[in-house]
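Have the model open while you read.

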Amino acid sequence: MTYDLVIRNGSIVDGLGGKPFVGDVAVKDGVIRAVGAVDDTGASEIDATGLLVTPGFIDLHTHYDGQSIWSDRLNPSSAHGVTTVVMGNCGVGFAPCRQDDHEVLVDVMAGVEDIPGVVMTDGLPWTWETFPEYLDALEARQRDIDVAAYLPHSPLRVYAMGQRGADREPATAEDLATMRALAKEAIECGALGFASSRLMIHKTASGSPIPSYDAAREEILEIAKGVVDGGGGLIQFVPDVPAGGYQPVLQQVFDVAEDVGLPVTFTLAIGNAGDPMWPDAITMIEKANAVRGDGPSVTAQLLPRPIGLIIGLELSANPFVLYPSYREIAGLPLPERVAEMRKPDVRERILADKPGQGHPLMYLAQAWDWIFPLGDDPNYEPRRSDSIAARARARGVRPIEEAYDRLLDDDGHAMLLVTTSNFENYSLDTVGELLRRDDVVLGLGDGGAHYGMICDASYSTYFLAHWARDRASGRFSVPEAIRELTSVPARVAGLGDRGRIAVGYKADLNVIDHARLRLHKPIVTHDLPAGGRRLDQTADGYVATIVSGEIIARDGVPTDARPGRLVRGRQPAPAA
């Protein structure tokens, strides 16, 4: 027999946490056909001697709803070993949507996910109206990796209720019936589940709360019933922690899920200081899962490094972006702006100014104790002494002056990392402890969104390099780390056909030089529709990434292969 691909002599990490073993992996027709000693040849072969061979990684929380339409590459994710992404998170997306409501959804995505409106206007053909039609549009595209999608709450609400839905008016009985029917239809045609958000800082570009913000329990319940009617799926939810902790809204969702028998996954964040709220969430999870009694049906998603923003003069946010004096020069090309900012009189005028009104996230750009330079070897667990506040004290200047000067480094290309959460007491220890729980899973890469402020889609590389190699304490073993990146998210999403190296499983694979694995500093590119700007990030150490048996990248360089497809709904595990 001749296989399509044989990976030889690699250290095979099965995805389940088992002890690695040296062997071969053979692939035919997009499926793993043999694991161990393979005598037959492959049309293509990879010598993996001394390298890890792992399942492809699965990212549960992305926003490639637009990029998967206008691009055939889902980077940064596909540059970091990710072979399947789930989108439609936070209840935002582009379907269902009537023609008259295009601007409403663009306004939502521009505000919540920092995607410039012109990018969506130029990049989206809007050849769909219903959610099934949107999935058909996804299926018609070729791309490097697989995509799966939730039915997003905000578009659903606007589609069912029109302007009343956008204005967050209470849903009538007729509205609820419509949403339930549409949810059933979405699941039947391939939605992975249903996603919603109550987060107060999720606002539209025009400054209003998103349509789903204060939706009643009854509305969540009826949509969940529609998911059950269609065959079942996962509920993804973002609670409004800043507005009062994880209670009571999250409990509402847990109760709904228990009533209808659906699993839930939600966003977990750890405060940097003050009384921690995350123990309340863990207690709630434990109670919910104890009642269900069928394993971790409720899971929290946690990023393995600080949640935060990247700020700079080239990006959406910097400490002065709301200052009228800075806004006078903000439209200048970067070299001219830097030259202006280096003038003593301009510096003095900006530093003496006060911020105006703007998006809540912009005010985080002056949290001096939690802001750090992000260099060529990016450090996501920096020392407290490296903060802007500490550096300012060492220089004998105000933090705002230190930030001003650092932004001018590298001719204005410098970046600062704002660690808004997950960095409790300037450490990731709590993150590591929580990630060892079965009811806490990796997630929140946010690929495809926050183009000018966040670049966390590289977290898979960070987790495998920092947590499974470099960190002095609390390290994960390589099998543990690969398990968290593969079979665990596959289990949560209901994608039973991937996340393992075993005969019959989908041939999504990585060949990795673990010792050489290294993140590069994020860069600014202008490759979005209409020349839109975004952050991108690459890595060293990925010898090959394979999707459905086809090599999509070698040594970090993309190939022409585009085997990625739409995953329609939950997938069963292959027969033994």
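Two strands count as paired if DSSP finds at least two bridges between them. Helices (H or I, at least four residues) and strands (E, at least two) are DSSP runs, numbered from the N terminus. This is a predicted model, where local features need pLDDT of at least 70, side-chain atom pairs count only at pLDDT 80 or more, and totals for chains, interfaces and linings use all residues. Residues are numbered from 1 along each chain as its sequence is written, and side-chain values use heavy atoms, leaving out hydrogens and water.

On to the sheet: it's open, with 6 strands in parallel pairing, ordered β9-β10-β11-β12-β13-β17. At the edges sit β9 (151-152) and β17 (440-442), each pairing on one side only. Helix α10 (residues 278-292) packs on this sheet and touches β12, β13 and β17, where contact means heavy atoms within 4.5 Å. The direction of α10 makes about 150° with that of β13; axes are lines fitted to C-alpha atoms, for helices over the stretch in contact, and angles run from 0 to 180 degrees between N-to-C directions. Strands β12 (residues 264-267) and β13 (residues 298-302) run parallel, joined by 4 bridges, and Phe-266 stands opposite Ala-300 in β13.

| Bond | Omega |
|---|---|
| Asn-75 and Pro-76 | about 15° |
| Ala-95 and Pro-96 | about 0° |

Pro-76 is in the loop between α1 (67-70) and β7 (82-87), while Pro-96 is in the loop between β7 and α2 (102-113).

Lastly, His-450 isn't a glycine, yet has a positive phi of about 50°. You'll find His-450 in the loop between β17 and α17 (459-470).
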